[in-house]
Amino acid sequence: VRDLAGRHGGGLETRLESVRGDPMAEVQAFLDYHLGLGADADPEALACWVLFSGEALRDPKVRLEVEGALGKMASRLEEIIRRGTEAGQFSCEDAGAAAGALVALIQGYFVLAATARAVIPRGSAARSARQMAQGLLLPSKPLAAPKKRG
């Protein structure tokens, strides 16, 4: 779990670095990194993550590791949302709740992608997540549509 979470965190930071300083673009990059299709999509890592998440229901040691990884992910997103609210880009009263909801959304997509792929129309996850984020964050301008990646 630690190795997978470490690789994930490194990839996420690389993605966020490309838009550093613009909280709205960072939220978009965060969602796209997790839910977009393209070059950095890793179906094997996704399958491992879903397996670890299931094992966390049974094994307290695994649960602690998964909880820690998800906590870091939510904290990172919460920090971005807080900066966006302070900058007037978002009207979000509870950045922690918004971050938790978006991480739960991502986790739900992960489980569906690994167990019931046909339920998610191809290419719809990032687009739908952005629409949901708009409702949570009330941005001063709409979140952009996900960019097509090869």
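A: Fine. This is a predicted model. A place to begin is R58, which counts as exposed because its relative accessibility is 60%.

Q: What does R58 form a salt bridge with?
A: R58 pairs with E55, and the closest N and O atoms are 2.3 Å apart.

Q: And E55, how does that one count for accessibility?
A: E55 counts as partly exposed, because its relative accessibility is 28%.

Q: How many salt bridges are there in the whole structure?
A: A search of the whole structure gives 11.

Q: Which residue meets R76 in a salt bridge?
A: That is E79, at 2.4 Å from N to O. R76 and E79 are 3 residues apart in helix α4, so about one helical turn separates them.

Q: Why does about one turn matter for residues in a helix?
A: An α-helix has 3.6 residues a turn, so residues three or four places apart point the same way.

Q: Is R76 buried or exposed?
A: R76 is buried, with a relative accessible area of 16%; the cut-off for buried is under 20%.

Q: What else forms a salt bridge with E79?
A: R83 does, with the closest N and O atoms 2.4 Å apart. R83 and E79 are 4 residues apart in helix α4, again about one helical turn. R83 is partly exposed, with a relative accessible area of 26%.

Q: Which residues do the shared partners join into one network?
A: Salt bridges that share partners link E13, E17, R20, E26, R76, E79 and R83 into one network.

Q: Changing topic: where is T85?
A: T85 sits in helix α4. T85 counts as partly exposed, at 27% relative accessibility.

Q: What is T85 in contact with, leaving aside neighbours within four places in sequence?
A: F90 and C92. Also, T85 and A95 are 10 residues apart in sequence, and their C-alpha atoms are 8.4 Å apart in space.

Q: Now helix α3. How many residues does it have?
A: Helix α3 has 14 residues, 43–56. From its first C-alpha to its last, α3 reaches 20 Å, close to the 20 Å expected at 1.5 Å a residue.

Q: Which residues in α3 are buried?
A: A45, L46, W49, V50, S53 and A56 are buried. Seen down the axis of α3, these buried residues fall within an arc of 140°, so they line one face of the helix.

Q: And which are exposed on the other side of α3?
A: P43, E44 and L51.

Q: What do the buried residues of α3 pack against?
A: They pack against α1 (2–17), α4 (60–86) and α5 (95–115).

Q: How many residues are in the largest nonpolar core?
A: The largest nonpolar core has 42 residues. V27, L35, I81 and L137 have the most contacts inside this core. The elements that give two or more residues to the core are α1, α2, α3, α4, α5 and α6 (125–137). The largest share, 10 residues, comes from α5.

Q: Why would nonpolar side chains be found together like that?
A: In soluble globular proteins, nonpolar side chains tend to be buried together.

Q: What is L137 in contact with, leaving aside neighbours within four places in sequence?
A: L137 is in contact with V27, I81, F90, S91, C92 and A98.

Q: One more residue. Which helix does H34 lie in?
A: H34 lies in helix α2, residues 23–35. H34 counts as buried because its relative accessibility is 8%. Not counting residues up to four places away in sequence, H34 touches H8, L12, M73, I106 and F110.

Q: Zooming out, how many helices and strands are there in the protein?
A: There are 6 helices and 0 strands. The radius of gyration of the protein is 15 Å, close to the 15 Å that the globule rule gives for 150 residues, so the protein is as compact as a globular protein of that length. The C-alpha trace spans about 40 × 30 × 25 Å along its principal axes.

Q: Last one: what percentage of the 150 residues is buried?
A: Buried residues make up 39%. As for contacts with a separation of 6 or more, 65% are between residues 24 or more positions apart.

Terms used. Residues numbered from 1 in each chain as written. Predicted model: local features only at pLDDT ≥ 70, side-chain atom pairs only at ≥ 80, totals over all residues. Heavy atoms only, no water. Expected span 1.5 Å × (residues − 1). Buried < 20%, exposed > 50% of the residue type's maximum accessible area, 1.4 Å probe, protein only. Arc of directions from axis to C-beta. Contact = heavy atoms within 4.5 Å. Salt bridge = Lys/Arg side-chain N within 4 Å of Asp/Glu carboxyl O. Core = buried A, V, L, I, M, F, W, Y, C linked by side-chain atoms within 4.5 Å. Rg over C-alpha atoms; globule rule 2.2 N^0.38 Å.
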